[in-house]
Amino acid sequence: MNQLQGAPWLLAHRSMLKPDRPLKISLLGNDYVLWQDNLGNINALPNACPHMGAMLSEGWCVSNADGVSSIACPFHALEFDNLGYTVLPGSNKQTKSLLQPLELIIQGDFIWSYGNYEPKIPIPAIMNEIATEYEFIGVTGERSIPTDLLSLLLNMHDYNHQNGTHRELFEIEEVQMKQFIDEGLHSHAYLSQPRKQPTFRDILRNPAQLAMPKVLEAHLENFFPFMGLLHGEDKLLSLKECHFYLPESDRQSRVFVLMYMKAHSPIAHLLKGNLLKLIDVVVDRDAKILGKIYANTPQRIKLNNEVGMDWVRRNFESFPAVVEPNLSR
C-alpha cells in the first residue's frame, strides 16, 4: 500500500452517514470513526480511544446545544470533539489533542481523504458533474473483501470475467474490445458484448433485464487507483454506475457503488430498485470469486482483452509517476 500514498479515496457518500451515528472505516491500515452532526459537519478520528483502546465507533455521539457533536467512548464515556480534545472526569480543563483527526475533503455529498498523506494526484471533478446532471438512485454493493487492492483492481479491469463470474446474470456470449484509450492514470475502455436474449421467465425474475439490450455497449472510464465508472446509454435511461475501491489494509479492500440515472421514459423510474439489486449481486459475485483465488499465482496464460489489467499493473508499479505502456509485450 505504501506506493499508493498520495491517492485520493472516496470514503463515503453523505447518504451513508446517519446524523449522530458513528461509522467505522478503515484506510491504508488505520481504523477511524466517522460521524456527521445535526448541522451536517462530518468528522473523523482514529478509532482507538487513547485511554484503553476501546473502539470509538462502538460508542455514541453527544450533541451540544449548538448542534455540534462529540464522540463518546463506549468504555468510560470519555467525550472527544472533532479535534481529539477531551475533558477528564473531575476536571474542568480540556486536555491537549490526544487523537489526530483524519483530514477530510468534503465536496457536496462526497467525502474524500488522502489518509493524511501529501496529495500526489488531484480529485477528479467528474463526480460533482454527475451529481449536478443526474438523479442519485442510491448506494449499493458495499463490501469489505479479504483481498489485496491489486487483486481487486485486476478483477475490476478484467474484461473477460463476465463470461465466467457473471455468466448467469448477463448471458454474455462474447467480449469484443473496440478501443482502449490510455491517458496515464486515466483510461477509457469501449466494449461490445453480445448476449443471449432473456426469456420471459428471466424478465419476471429480474425486470432490470428490460433495460439491457441484445448487445451491451459498455464505456468504462477508469481513474487509477480509486474509481471505475460505467457509462450506460439506453432508450429508457442514461446510467452512471460509479465503483469506488479503498485499501483497508494489506489484505482487505472495500468497495461500494454509487448509482445515478437520467430517465428517458417513465418506465425507467420503475427500475431503480432492480438496478440497485442487480449491481449488488454483481459485486457480491466479484467478492466471492476474489475470496477464492491464489493471488500470487504467476500468470502463465494471457487472454485477449487484458489491456485493462496491463494498465493496472503498470500504474501500480510506477504510481504516482506515469510511464509509457509497452504494448509490444
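Author: Rings of Phe, Tyr and Trp (its six-membered ring) count as a pair if their centres lie within 6.5 Å; planes under 30 degrees apart are called stacked, over 60 edge-to-face, and the rest tilted. By that rule the structure holds 8 aromatic pairs. The model is predicted: local features need pLDDT of at least 70, side-chain atom pairs count only at pLDDT 80 or more, and totals for chains, interfaces and linings use all residues. Residues are numbered from 1 along each chain as its sequence is written, and side-chain values use heavy atoms, with hydrogens and water left out.

Helices (H or I, at least four residues) and strands (E, at least two) are DSSP runs, numbered from the N terminus.

Phenylalanine 224 also pairs with phenylalanine 319; here the centres are 6.1 Å apart and the planes make 50°, a tilted arrangement. Phenylalanine 319 lies in the segment after α7, 95 residues from phenylalanine 224. Both phenylalanine 224 and tryptophan 311 are buried, as is phenylalanine 319. Buried means under 20% relative accessible area, exposed over 50%, and partly exposed in between (1.4 Å probe, protein chains only).

Leaving out residues up to four places away in sequence, phenylalanine 224 touches Leu4, Ile121, Leu153, Leu185, Trp311, Val312, Asn315, Phe316 and Phe319; contact here means heavy atoms within 4.5 Å. In α7, the buried residues include Trp311, Val312, Asn315 and Phe316. The 12 residues of that helix should span 16 Å at 1.5 Å a residue, and its end C-alpha atoms are 17 Å apart, which agrees. The expected span is 1.5 Å times one less than the number of residues.

On the wider setting, a nonpolar core is a set of buried Ala, Val, Leu, Ile, Met, Phe, Trp, Tyr and Cys residues joined through side-chain atoms within 4.5 Å. The largest has 74 residues, and Phe224 is among those with the most contacts inside it, along with Trp9, Met127, Phe244 and Leu258. Strand β16 (residues 252–263) gives the most to this core, with 7 residues. A second, separate core has 12 residues, including Val33, Cys49, Ala54 and Leu99.
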